[in-house]
Amino acid sequence: MDVVIVGMDCNTEAVGFHMTNKHVIGPRATEESFIPFVLSLCAKEKIGLILSLVTDELIKLSESEDDLLRIGTRLLISSADSLRKVINKGRLYQALQNMGIAVPEFRMVNTPEGLIHALHELGYPAQPVCFKPVVSDGSRGFHIVDNGADRFRMLFQEKPSSAHISEEELMRILQGHSEIPDTLAMEYLPHEEYSVDLMVKDGKVVVAVPRLREATVGGITTKSLIAKEQDIIDYAVAVVELMQLNGNIGVQVRRDRQRKPKIVEINPRIQGTIVHCTAAGINLPALAVKQALGIPASKDELEIKWGTRMTRYWEEVFYDVHGSSYAF
């Protein structure tokens, strides 16, 4: 399948531009000019399909699907209503709980006092508790309040990016603030973490690939294993189908104290490490293009090479004084 990739980003030095045939600089999804710019770009470049990698864009794009279709551009995306339910972690947890799906014990708060009260209700200081803004990507805003953490070891042996925080430090940071962003306080899930990449067609899962996240840096997987763990697959499939999602979907799952799978979050888009799935035989972007064009996937395209491992390394890109990249 011959594909021409046009990349769009607000960052003039976006690394993804080096993986495209052509790229343009555009507005952020939060700007009013975002959708008009996308429509103009799609018409000019005759874009056949948009695959968005940014959560902030998703609802706006979904709401503009009819306008995009009129100029010949398809979207492989969930409905705006479904996106609102899953992007907001508080709404997601409540919806899944109402449907009988196991979720971490949680509280929704928006004040410092409410957060501290919720942490203690959830078991702190006897056990660690974590919190995160209800709308956030990756590890942004995620913290573990842990009275048992070895602060001396962390001081001298860990990088300062550790997610652990003490109650005293938390109280100091919150001092003087009467409100905080809407925040999800939840039980800490201490065991294995998985990213499950799924291809979904109108609420029905086509393929699900769990990646055991063996090592991460700043929320990015650096070492992982394609793991055939049926309870993780069954859990992620149930979540996605109950939420009636569509297209490329990522579900983050961790095992609780009893090693039962529970949700962390849903990324209703392509996730950052799906290249590991490609190495394991599942090319999710290619499957997305085929699905959008109404071309069925072959049996071979859905065969997973279980046990495939990945170790990530960094590759540098160099620029001259004028901003042009060059090989070194």
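Student: Which element gives the most to the lining of the second largest cavity?

Tutor: A cavity is a set of points on a 1 Å grid over the protein atoms alone where a 1.4 Å probe fits but cannot get out, and lining residues have an atom within 4 Å of a point. Helices (H or I, at least four residues) and strands (E, at least two) are DSSP runs, numbered from the N terminus. α4 (80-87) and β14 (261-267) each supply at least two lining residues here. With 3 residues, the element giving the most is β14.

Student: What pLDDT do local features need in this predicted model?

Tutor: Residues are numbered from 1 along each chain as its sequence is written, and side-chain values use heavy atoms, leaving out hydrogens and water. Side-chain atom pairs count only at pLDDT 80 or more, totals for chains, interfaces and linings use all residues, and local features need pLDDT of at least 70.

Student: How many charged residues does the lining of the second largest cavity have?

Tutor: The lining includes Lys89, Asp137 and Glu265. Ala, Val, Leu, Ile, Met, Phe, Trp, Tyr, Cys and Pro count as nonpolar, Asp, Glu, Lys and Arg as charged, and the others, Gly among them, as polar. There are 4 nonpolar and 3 polar residues, and the number of charged ones is 3.

Student: Which residues of helix α8 are buried?

Tutor: Buried means under 20% relative accessible area, exposed over 50%, and partly exposed in between (1.4 Å probe, protein chains only). Helix α8 spans residues 167-174. Glu168 and Arg172 are exposed, on the face turned away from the buried side. The buried ones are Glu167, Leu170 and Leu174.

Student: Why do the buried residues of α8 line one face of the helix?

Tutor: An α-helix has 3.6 residues a turn, so residues three or four places apart point the same way. The arc is taken from the directions from the helix axis to the C-beta atoms. Down the axis of α8, the buried residues line one face because they fall within an arc of 60 degrees.

Student: Which element gives the most to the lining of the second largest pocket?

Tutor: A pocket is an open set of grid points with protein on both sides within 12 Å along at least five of seven lines. This one holds about 220 Å³ of space, and its lining includes Leu170, Ile173 and Leu174. The lining has 9 nonpolar, 3 polar and no charged residues. With 3 residues, the element giving the most is α8.

Methods
Points joined across faces, edges and corners; volume = space filled by probe spheres on them.
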